[in-house]
Amino acid sequence: VSRQLKEEIRRGFARLEDPLAGLLAMLESSSDWKGKGHSLGYCITTELQLWIKAHPAVPQSGTKLKKLQARVLGMLSQCPANLLDPLISIYQLHTADRNYLLEHVSHLYLQGNYKEAAILSIKLKLQPDQDVEKMCTPLLLQDKANLVEEYVAEYPELQRKLLQTLDTWCEPSFNIRDIIRPYQGLSKYKPEKFNCRVLSKLIFRLLGRFNVDSALCPNVINQRHLRTLNYLFYKRFVEKTMTEENWADHIQSTVGENRWLQGHLVQLLLRHCDTRGAAQWAQHCRVPPEMLPQAVAKELEKLHIQDRVEEVTKADNYEASKKKDYYHLPIPRENIHFLQTWEETLQCWEKVLQAGQVVGVDMEWKPSFGMVGKPRVALLQLALKNEVFLLDLPRLLEQAEAEGEKEKLPHFIQMLYSDAAITKLGYGMSGDLSSLAATCSALKDTEKQMQGVVDLLAVDKQVDGLSPEHSHEERGVRQQEKGLSLLVQHVLGKPLDKTEQLSNWEKRPLREEQILYAASDAYCLLEIYERLCKDPESFGLGSDLTESLVGKQSKKPRAKKQLNKQEAPSPSGQEFQGPRMEPSHPPAPISPQEFSVVCDNMLQGLGRYLRCLGVDVRLLDNEDDHRKAAEIARQEGRVILTSGLPYQTLRSQVGEGRCFSVNCSQKAKEQALQVLKHFNVQVSLGDIFSRCQ
């Protein structure tokens with residue numbers, strides 16, 4: 001707003017005998033203020049709010065103010081959101097009679113203005129005097145879960161009541177149509193968004209956000225555990241990719257003493273095993289005999305108590321002959337060290353924290369099977385050329401806290417990640433680091449400070465086909481493997497044995513199979529890295545891969561932030577540019593309207609941001625191949641914006657200067673500024689939102 005207009009507005013207030021009544025009369029007679037954005041009415045209202053602060057004698061009280069409050073309340077349900085707070089402040093609605101305010105909101109609700117009633121209740125803090133189920137039900141039917149969250153955000157008692165209500169709706173015998181019936185004529189009703197599955201997701205989100213005890217929602221917790229049970233039976237008896245011990249651990253921790261789940265366990269046992277097998281597992285999982293069908297109970301009587309359960313089916317896939325088909329750890333067993341004391345850990349750090357060291361880093365945690373909260377790291381694996389260290393993180397943190405030195409371990413982990421002279425190899429490091437932060441709050445900024453990291457997930461997306469050892473017949477045949485296991489198969493010739501992946505990593509002692517799996521997961525990263533650096537072209541990677549992977553530090557190291565596994569940065573954790581020629585002088589300035597780009601599919605956030613600034617943007621879809629960007633660029637004369645390894649491929653397919661590598665570790669706004677500066681794009685006020693609907 002121009003200074004001249006502001007001065008004119010303030011002079012107008014000074015001339016008015018009653019500025020509050022004057023503003024109200026103006027708003028009531030104008031339709032301009034009802035539009036979106038900063039209307040003249042909005043400017044005048046906010047100026048009056050500031051003017052009142054400078055003239056404290058203006059606010060009124062008594063009958064006159066009550067009449068003004070009654071008039072302004074009638075307007076609030078129609079006014080745009082940006083006017084609510086200024087009007088509530090100017091007319092002191094927080095001081096108005098609470099019953100009168102509740103009555104007004106109730107009137108809005110009865111008229112079917114549920115969203116407006118909820119927003120006004122939030123602004124006037126009326127929630128404690130309202131029925132949370134009544135206020136939130138129509139909002140949920142209209143798919144306004146975010147507004148429901150905001151409605152209960154500051155009131156723990158209302159959060160609990162809401163969660164209990166939602167959980168009741170998820171009870172198997174509950175008919176959800178009973179909820180919907182009173183709201184048959186509801187506008188914007190979205191029935192597909194109102195079912196047990198959607199409600200269950202909402203409950204878990206609210207439990208996590210408000211840190212409420214999940215025992216408050218037994219129905220959704222039981223349903224989630226039942227899904228876990230079905231999944232475990234599928235892994236063990238259909239897919240046959242889970243060991244007996246591993247499976248039994250998870251079944252026991254999932255079912256526990258819960259009678260309802262025990263009943264479902266018995267049904268699943270009968271479906272997948274014979275009567276004797278069902279009896280053996282029922283005994284192992286401590287299912288009360290009275291819950292068993294007669295045939296199973298009789299079989300149970302015949303069984304002798306055993307320390308170890310016999311194999312239930314003949315379908316055990318883990319015999320030694322199969323092991324030769326998987327990646328084999330090339331170091332002796334005695335070079336794998338399981339560390340539980342600080343003295344042992346110090347010897348590990350002395351070897352790891354050395355300049356020039358290359359370290360494979362991995363982490364394991366107990367599978368959550370969709371339960372609330374982020375997983376906590378149970379094991380940290382650090383692999384060097386000749387040995388692997390497995391750090392018992394919970395034990396070491398507990399020990400350090402007992403000794404009053406709880407910052408000891410986080411300090412060493414931060415030193416490792418922030419040292420640019422040590423190359424850290426990982427696979428999907430962002431997920432590992434967020435779990436590390438959930439385990440130890442002192443490590444929450446590790447991701448921002450890390451340097452010298454190579455996330456092989458980014459390289460994995462570019463690795464072409466199978467390893468050179470594979471025959472031509474095998475090439476192009478996609479294996480059952482995925483993720484790191486598939487990359488190991490492509491580069492080293494054999495996949496990882498993932499049968500221990502879903503182990504209970506918190507249980508001590510770890511089984512020998514778990515120790516070997518954990519060591520292999522970290523050590524294979526060293527072998528992949530070494531192989532790719534030696535022979536990048538065999539895997540469809542650029543010949544200058546070695547230089548880029550080693551990641552020479554830039555002169556001005558900056559905090560690096562990886563996004564998620566779908567948007568992993570370039571392998572060095574830096575901008576992966578290769579020998580791009582910078583122009584000796586900046587290009588002539590152009591407007592956003594003259595600038596046309598095609599954004600690679602890992603830069604959709606940047607594309608949307610540039611479009612908001614008026615740039616002509618085309619975005620690749622998630623499933624599109626990177627090479628489609630070159631095709632579009634040639635056909636439509638666009639500049640390619642990409643990042644990481646695709647830059648190496650795409651720059652050779654378009655003219656000089658027509659492909660630009662964006663720093664993927666930056667946020668969209670920073671990326672946009674980088675692009676605008678490089679191409680000398682001058683944005684004016686008129687360009688902003690010029691291409692948006």
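Here are some notes on a predicted model, going through its strands, a few helices, the salt bridges and a surface patch.

1. Start with strand S9, residues 639-642, which is covered on both faces. Val639 and Leu641 are buried on one side, and Ile640 and Thr642 are buried on the other.

2. Now look at what S9 pairs with. Strand S7 (residues 596-599) runs parallel to S9 and is joined to it by three bridges; here Val597 stands opposite Val639. Strand S10 (residues 659-661) also runs parallel to S9, again with three bridges, and in this pairing Ile640 stands opposite Cys659.

3. How does the chain get from S9 to S10, and with which hand? The two strands and helix H30 (residues 645-650) make a right-handed β-α-β unit.

4. Glu636 and Arg638 meet through their side chains in a salt bridge, 2.6 Å from N to O. Glu636 is partly exposed, at 36% relative accessibility, while Arg638 is buried at 8%. The pair belongs to a network of salt bridges that also takes in Asp616 and Arg618.

5. The structure holds 31 salt bridges, and a couple of others are worth a click. Asp18 bridges to Lys64, with the closest N and O atoms 3.4 Å apart. Asp18 sits in the loop between helices H1 (3-15) and H2 (19-29) and Lys64 is in helix H4 (residues 62-76), so this contact ties together parts that are 46 residues apart in sequence. Asp18 counts as buried because its relative accessibility is 14%, under the 20% cut-off. Lys64, at 49%, counts as partly exposed.

6. Glu154 and Lys125 form another salt bridge, their closest N and O atoms being 3.6 Å apart. Both partners come from loops: Glu154 from the one between H9 (145-152) and H10 (156-169), Lys125 from the one between H7 (114-123) and H8 (132-141), so the pair ties together parts 29 residues apart in sequence. Glu154 is exposed, with a relative accessible area of 59%, and Lys125 is partly exposed at 41%.

7. On to helices. H13 (residues 218-238) has 21 residues and spans 29 Å from first C-alpha to last, close to the expected 30 Å. Just after H13, Lys240 takes a positive phi of about 60 degrees.

8. Is helix H14 mostly covered or mostly open? Mostly covered: nine of its twelve residues are buried, including Trp247, Ala248, His250 and Ile251. H14 covers residues 244-255 and reaches 16 Å between its end C-alpha atoms, close to the 16 Å expected.

9. Pro289 is twelve residues away from Glu301 along the chain, and their C-alpha atoms are separated by 9.6 Å.

10. Last, the greasy bit on the outside. Val683, Leu685, Ile688 and Phe689 form a nonpolar surface patch, with about 410 Å² of accessible area together. Leu685 falls in the segment after helix H31 (668-678). It counts as exposed because its relative accessible area is 75%, and the cut-off for exposed is over 50%.

Definitions and conventions:
Residues are numbered from 1 along each chain as its sequence is written. This is a predicted model: local features need pLDDT of at least 70, side-chain atom pairs count only at pLDDT 80 or more; totals for chains, interfaces and linings use all residues. Side-chain values use heavy atoms; hydrogens and water are left out. Patches are made of residues with over 30% relative accessible area and no salt bridge: like charges are joined within 9 Å, nonpolar side chains (Val, Leu, Ile, Met, Phe, Trp, Tyr) within 5 Å. Accessible areas come from the Shrake-Rupley method with a 1.4 Å probe; for residues, only the protein chains shown count as cover. A salt bridge is a side-chain nitrogen of Lys or Arg within 4 Å of a carboxyl oxygen of Asp or Glu. Helices (H or I, at least four residues) and strands (E, at least two) are DSSP runs, numbered from the N terminus. Buried means under 20% relative accessible area, exposed over 50%, partly exposed in between (1.4 Å probe, protein chains only). Two strands pair if DSSP finds at least two bridges between them. A crossover is right-handed if, with the strands pointing away from the viewer, the path from the first strand over the helix to the second runs clockwise. The expected span of a helix is 1.5 Å times one less than its number of residues.
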